[in-house]
Amino acid sequence: MTDGFLVPGPAAAGPLTASVARVAELAGRLGLSHGEVFDVHQLSEASGVPAAVVADLLEGRPAGEPDLQARFLQRFDLLRRTRLKSNGRRYTQQEIADGAGMSRQQAGALINGDRRPTMEHCDAIQRFFAVHAGFLTAEDVDALDGALQRTEQRLLQDYADYAGDSDPLERLLQDHGVRGIAWRAAQLPTDKHRDKVTEWLDMLLESVKPTVPADSTRPKDD
């Protein structure tokens with residue numbers, strides 16, 4: 001790690017690996033350093049994942065908080081520290097309660113960990129702080145992957161502007177051929193979706209196989 005950013009190592013296998021690779025490739029195309037796109041503290045703020053866990057996950061080390069309530073408390077605390085009012089001050093418990101449609105006592109119990117949050121609580125707090133759905137509850141590896149995918153979308157738009165393309169995905173597909181197909185498939189949310197792509201490709205490959213004439217396999221007469 002250098003000055004708060006990390007040069008990614010072999011990230012844990014799975015979607016996170018693919019996201020790291022895509023972001024790194026796009027950064028290279030745009031002439032950006034790894035420090036500009038893999039800043040641990042920025043990724044922590046964007047994902048809600050503690051900076052130390054972000055660093056571990058990018059390095060391929062197992063990390064993260066498995067307990068849902070503990071993750072909620074970490075993320076809620078991060079929101080209160082980083083999503084500030086226009087005057088630079090934190091939102092009070094009463095302001096959070098009013099904005100999220102709950103009592104001050106409910107808000108205080110959630111902040112202090114005296115009450116387990118419901119999905120309704122999480123949705124209301126996420127709307128109040130204007131963060132994406134799942135910010136307070138996603139597992140750490142998924143939350144970091146989501147933050148990297150949002151980084152990727154921003155870089156794709158920058159790449160489109162840089163290259164003058166109306167469709168940066170199409171440009172990447174042209175540049176990388178089959179790799180472009182894999183690149184798109186990697187963005188699908190679950191293995192079930194990716195398995196479906198594999199089935200479609202198998203069907204396509206079967207449909208374009210050259211037809212062998214029935215008599216072509218017979219031995220030729222001398």
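At 69% relative accessibility, A130 counts as exposed, where exposed means over 50% relative accessible area, buried under 20% and partly exposed in between, computed with a 1.4 Å probe and protein chains only. The structure is a predicted model, in which local features need pLDDT of at least 70 and side-chain atom pairs count only at pLDDT 80 or more, whereas totals for chains, interfaces and linings use all residues. Residues are numbered from 1 along each chain as its sequence is written, and side-chain values use heavy atoms, with hydrogens and water left out. A130 lies in the loop between α8 and α9, and this residue has a positive phi of about 60° although it is not a glycine. Most residues other than glycine have a negative phi.

The protein contains 12 helices and 0 strands, helices being DSSP runs of H or I with at least four residues and strands runs of E with at least two, numbered from the N terminus. Read from the N terminus on, the order of elements is accordingly α-α-α-α-α-α-α-α-α-α-α-α. Of the 222 residues, 34% count as buried. Among contacts (heavy atoms within 4.5 Å) between residues at least 6 apart in sequence, 64% join residues that are at least 24 apart.

In soluble globular proteins, nonpolar side chains tend to be buried together. The largest nonpolar core in this model has 22 residues, of which F38, L43, V54, L58, L144 and L148 touch the most other members; a nonpolar core is here a set of buried Ala, Val, Leu, Ile, Met, Phe, Trp, Tyr and Cys residues joined through side-chain atoms within 4.5 Å. Two or more residues are given to this core by each of α1 (15–29), α3, α4 (51–58) and α9 (140–163), and α9 gives the most, with 7 residues. When neighbours within four places in sequence are left aside, L148 is in contact with L16, S19, V20, V23, F38, L43 and L58. A second, separate core comprises 18 residues, among them F72, M102, I111 and F135.

Helix α3 (residues 40–47) has V40, L43, S44 and S47 as its buried residues. Seen down the axis of α3, these residues fall within an arc of 105°, so they line one face of the helix, the arc being that of the directions from the helix axis to the C-beta atoms. At the start of α3, a side-chain oxygen of D39 reaches to within 3.0 Å of the backbone nitrogen of H41. Just after the helix, G48 adopts a positive phi of about 90°.

Rings of Phe, Tyr and Trp (its six-membered ring) were taken to pair if their centres lie within 6.5 Å, with planes under 30 degrees apart counted as stacked, over 60 as edge-to-face and the rest as tilted. By this rule the count comes to 5 aromatic pairs. Y91 and F129 form an edge-to-face pair, at 5.9 Å centre to centre and with 85° between the planes. This pair links distant parts of the chain, as Y91 is in the loop between α5 (68–82) and α6 (93–100) and F129 is in helix α8 (residues 119–129), 38 residues apart. Y91 is partly exposed at 25% relative accessibility, whereas F129 is buried at 6%. F128 and F129 also form an edge-to-face pair, at 5.0 Å centre to centre and with 85° between the planes, and F128 counts as partly exposed at 23% relative accessibility. One aromatic cluster is formed by F72, F76, Y91, F128 and F129.

Q69 is found in helix α5 and counts as buried at 14% relative accessibility. Its side chain reaches the backbone oxygen of R115 at 3.4 Å, and, with neighbours within four places in sequence left aside, Q69 is in contact with G113, R115, R116 and P117. R127, by comparison, lies in helix α8 and is exposed, with a relative accessible area of 63%. The C-alpha atoms of R127 and A100 are separated by 7.6 Å, although these residues are 27 residues apart along the chain.

Note on methods:
Polar contact = N/O pair within 3.5 Å; in protein donor to acceptor, adjacent residues only side chain to side chain.
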